[in-house]
Amino acid sequence: MIYIRADGNTAIGMGHVMRCLAVAQAVAELDCPPLVFLTADDKCRDMIEGRGFCVFSLDTDYRRMLDELPQFERILDKKSDLVFVDSYQASDEYYLKLGKLARVACFEDLGEAHPVDLLINYNIYAPQLEQRYRAAASGQNQDQYPKNVLLGTSYVPLRKAFQKPSSYQVRDKVTQILITTGGSDPYFAAGAIADALLGDTMMQQQKMHLHVVSGPFNQYADALRDRYGHAAQITIHEQVKNLRSLLLESDVVISAAGSTIYEVSSLGVPMIVFYYAENQRQGAEALAAGTEIVNAGCFAKEGSAVADRIGEAVRRCIDDSAYRERLCQQERALVDGSGAHRIAEQIRALCRRA
């Protein structure tokens with residue numbers, strides 16, 4: 001069996017589950033063992049089952065992953081099972097104990113060399129961490145470090161909708177702006193950004209329309225509706241089933257620096273990014289260093305300043321279509337859409353290893 005261990009909720013958003021679903025769909029296309037999702041609770045059950053996968057709830061606290069190991073001891077068979085873990089709550093102690101029960105793979109974003117059979121860091125900054133991973137693997141306690149690593153944007157696990165080529169073309173004028181703030185928007189960034197843009201004289205003159213994506217765990221969903229539900233210049237999108245179409249209809253996308261930045265890049269829609277926490281900071285900074293994408297900063301620390309910087313970046317997009325064309329080309333060069341399939345091939349190989 002292949003087990004995918006991931007969670008999603010108001011506190012951590014949906015990124016872990018979404019990227020694992022992309023991997024699961026790619027694995028399902030290969031001749032691999034059956035696949036089951038393991039979650040701490042039922043918060044993501046409907047979403048996962050809606051993609052056609054079985055879900056087993058461990059009925060545990062997602063922050064206390066060591067407590068779930070007794071259940072793994074009952075269900076795993078070391079000779080044949082593989083557990084793919086995607087959680088910032090998983091410690092090295094957790095991985096070492098789990099590794100005694102089955103083969104283990106994981107997603108990793110922070111440069112921590114976990115003791116697993118396969119470690120994947122698909123982020124744009126991941127190649128800069130290779131020496132750290134390799135040095136750890138060649139140390140004295142080699143059993144405590146990853147046996148194999150996959151690094152860089154070749155392994156970005158895009159969802160199926162974003163794996164096909166993009167036909168996006170940069171338009172002459174900016175009229176449609178999309179704001180996507182992650183699965184939960186813990187600081188109500190959407191409200192601050194929308195207010196900043198609506199109050200800008202240039203944007204009022206351009207008669208631009210704002211599209212705000214409200215994620216499945218957005219604790220400010222009611223506040224969004226109350227504030228903008230009847231505003232002629234804003235459309236709120238909830239329970240979005242086709243984000244690709246929304247993005248392709250946009251002239252500029254303002255996005256939190258999670259997995260969505262790679263989906264936007266695959267299409268080539270001009271983008272502005274910001275971030276909430278450390279696990280997103282490196283991605284936002286690497287994007288700004290490697291392209292002309294504006295990183296507006298950490299909303300959790302300086303929300304008002306970030307909203308102002310986003311407004312300045314939008315004005316630049318309005319003024320300079322050549323700049324938006326460069327962004328389009330730079331973004332498309334980052335990711336090719338085959339990352340989930342490359343990961344699936346590695347999982348299949350690991351399952352077959354004697």
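The structure holds 9 aromatic pairs, a pair being two rings of Phe, Tyr or Trp (its six-membered ring) with centres within 6.5 Å. Phe84, Phe107, Tyr122 and Tyr262 are linked into a cluster by such ring pairs. Over at Tyr323, the charged end of Arg316 sits over the ring, 3.7 Å from its centre; for this, NZ of Lys or CZ of Arg has to be within 6 Å of the ring centre and within 35 degrees of the ring normal. This is a predicted model, where local features need pLDDT of at least 70 and side-chain atom pairs count only at pLDDT 80 or more, while totals for chains, interfaces and linings use all residues. Residues are numbered from 1 along each chain as its sequence is written, and side-chain values use heavy atoms, with hydrogens and water left out.

Most residues other than glycine have a negative phi. Asp59 is not a glycine, yet its phi is positive, about 55°. It lies in the loop between strand E3 (54-57) and helix H3 (69-75), with helices (H or I, at least four residues) and strands (E, at least two) taken as DSSP runs numbered from the N terminus. Asp59 counts as exposed because its relative accessibility is 70%, exposed being over 50% relative accessible area (1.4 Å probe, protein chains only). Gln239, in the loop between strand E10 (234-238) and helix H9 (243-248), has a positive phi of about 50°.

As for helix packing, Ala190, Gly191, Ala194, Asp195 and Leu198 in H6 meet Leu224, Arg227 and Tyr228 in H8, contact meaning heavy atoms within 4.5 Å.

Key: Phe/Tyr/Trp six-rings, centres within 6.5 Å; stacked < 30°, edge-to-face > 60°. Buried < 20%, exposed > 50% of the residue type's maximum accessible area, 1.4 Å probe, protein only.
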